[in-house]
Amino acid sequence: MMIVVPRFPGTNCEFDTVYAFEKLGQDVRIVWHEEEILPSNTDLVVVPGGFSYGDYLRSGAIARFSPIMKAIKAYADNGGYVLGICNGFQILLESHLLPGAMKRNENLHFVSKHQYLRVENNDNRFLRNCQVKELLNIPIAHAEGNYFIEEKGLEDLYANGQVLLTYCDKEGNPDNPNGSIDNIAGICNKNRNVFGLMPHPERAMESILGSEDGIKMLEGFIS
Amino acid sequence: MKAIVNVYLKEGVLDPQGKAVHHALGALGFDNVENVRVGKQIILHLESDSVQSAREEVEKMCETLLANTVIEDYSIEIVQ
């Protein structure tokens, strides 16, 4: 598979993302945000974490208008698979590739720790190797992960099985690190080809570093 | 022409910063504050033929970039 990782000024998780997919035996290419087209053999786009444009104005608000985002939007509209991690998720929200928006964490802190997640839906490419209600231990590191969507939008998310991951403790009870509505940590679009989550599966690839639960998540994309 | 844009979270969207500032004011003894909303102000200097066209243009800027209308409202004041 050819996996493309766009890099914006301020991106800082691109090498972890490359490492993670190379560990899974895939070809990965970093593409600068000024590029206007994606490589023709792109099988998956992973928008990585970081602080694109210094998080100025709002996280992801300026990256959204980078030339490469136009190509990524066209790719997604055409059914291509896109995954946004952390700042990548924020960029996909700002691009309206995913519904809702991010607010500052409820306690205003930058939260950086391992966090358990509960799988809410596995009827999609991303989490197809996981079981519903399965718990995954994945690092989070963000100040704006307080996901918000208005009531009607939230109903639609549930009706279409778009709520994929929620925050919980190691027993699986709700445990919300940022004030996110309904403890939501990750969602997908209605067509189930665009995914976004605040936690960092690419940082959970080695048990010696605390967790390798990210492997089975990212492996879902590998055909 | 000068445009003053205020961007703030919509009514009904919980404002974590406003809540923290409200709490801090209470701790300092300002206990008559009922509600605090924290927003941001963006000041633009622009050339435009009329107040009307300036306002229309800034409105477009707000809709596309300056505000995220999923969670934020904005107000525009044009000063000549």
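Trainee: In what order do the three strands of the open sheet in chain B run?
Mentor: This is a predicted model. In chain B, three strands form an open sheet with antiparallel pairing. The order is β2-β1-β3.

Trainee: Which strands of chain B stand at the edges, and why?
Mentor: Look for strands with a single partner strand; one side of each is then left without a neighbour in the sheet.

Trainee: How many bridges join β1 of chain B to β3(B)?
Mentor: Strand β1 covers residues 2-9 of chain B and runs antiparallel to β3(B). One facing pair is B:Y8 opposite B:D73. The bridges between β1 and β3(B) number eight.

Trainee: What angle does helix α2 of chain B make with β3(B)?
Mentor: Helix α2 takes in residues 51-66 of chain B and packs on the sheet. It touches β1, β2 and β3 of chain B. Its direction makes with that of β3(B) an angle of about 155°.

Trainee: Now chain A. What is the strand order in its open sheet of nine strands?
Mentor: The pairing here is mixed. The edge strands are β2 (27-32) and β7 (135-142) of chain A, each pairing on one side only. From one strand to the next, the twist averages 25°. The order in chain A is β2-β1-β3-β4-β11-β10-β9-β6-β7.

Trainee: Which strands of chain A does helix α3 lie across?
Mentor: Helix α3 of chain A covers residues 87-94. It runs at about 120° to β4(A). The strands it lies across in chain A are β3 (44-47), β4 (81-85) and β11 (194-197).

Trainee: How many residues does the contact take from chain A and from chain B?
Mentor: On the side of chain A that touches chain B, β5 (101-103) and β8 (146-148) of chain A each supply at least two residues. That side divides into four nonpolar, four polar and five charged residues. The contact takes 13 residues from chain A and eight from chain B.

Trainee: Is A:A20 buried or exposed?
Mentor: A:A20 sits in helix α1 (residues 14-23) of chain A. Beyond its neighbours within four places in sequence, A:A20 contacts A:E202, A:M205, A:G214 and A:L218. Within 10 Å lie 27 other C-beta atoms, and the cut-off is 20 or more. Therefore A:A20 is buried.

Trainee: What is phi of A:Y53?
Mentor: Most residues other than glycine have a negative phi. A:Y53, in the loop between β3 and α2 (67-77) of chain A, is not a glycine, yet its phi is positive. The value is near 50°.

Trainee: How do A:Y53 and A:D55 count, buried or partly exposed?
Mentor: A:D55 lies in the loop between β3 and α2 of chain A, and has a positive phi of about 60°. Inside 10 Å, A:Y53 has 22 C-beta neighbours and A:D55 has 18. So A:Y53 counts as buried, and A:D55 counts as partly exposed.

Notes
Residues are numbered from 1 along each chain as its sequence is written. Chains are lettered from A and ligands numbered from 1 in the order in which they are written. This is a predicted model: local features need pLDDT of at least 70, side-chain atom pairs count only at pLDDT 80 or more; totals for chains, interfaces and linings use all residues. Two strands pair if DSSP finds at least two bridges between them. Helices (H or I, at least four residues) and strands (E, at least two) are DSSP runs, numbered from the N terminus. Axes are lines fitted to C-alpha atoms, for helices over the stretch in contact, and angles run from 0 to 180 degrees between N-to-C directions. Two residues are in contact if their C-beta atoms, placed from the backbone, lie within 7 Å. Ala, Val, Leu, Ile, Met, Phe, Trp, Tyr, Cys and Pro count as nonpolar, Asp, Glu, Lys and Arg as charged, and the others, Gly among them, as polar. A residue is buried if 20 or more other C-beta atoms lie within 10 Å of its own, exposed if 12 or fewer, and partly exposed in between; C-beta atoms are placed from the backbone.
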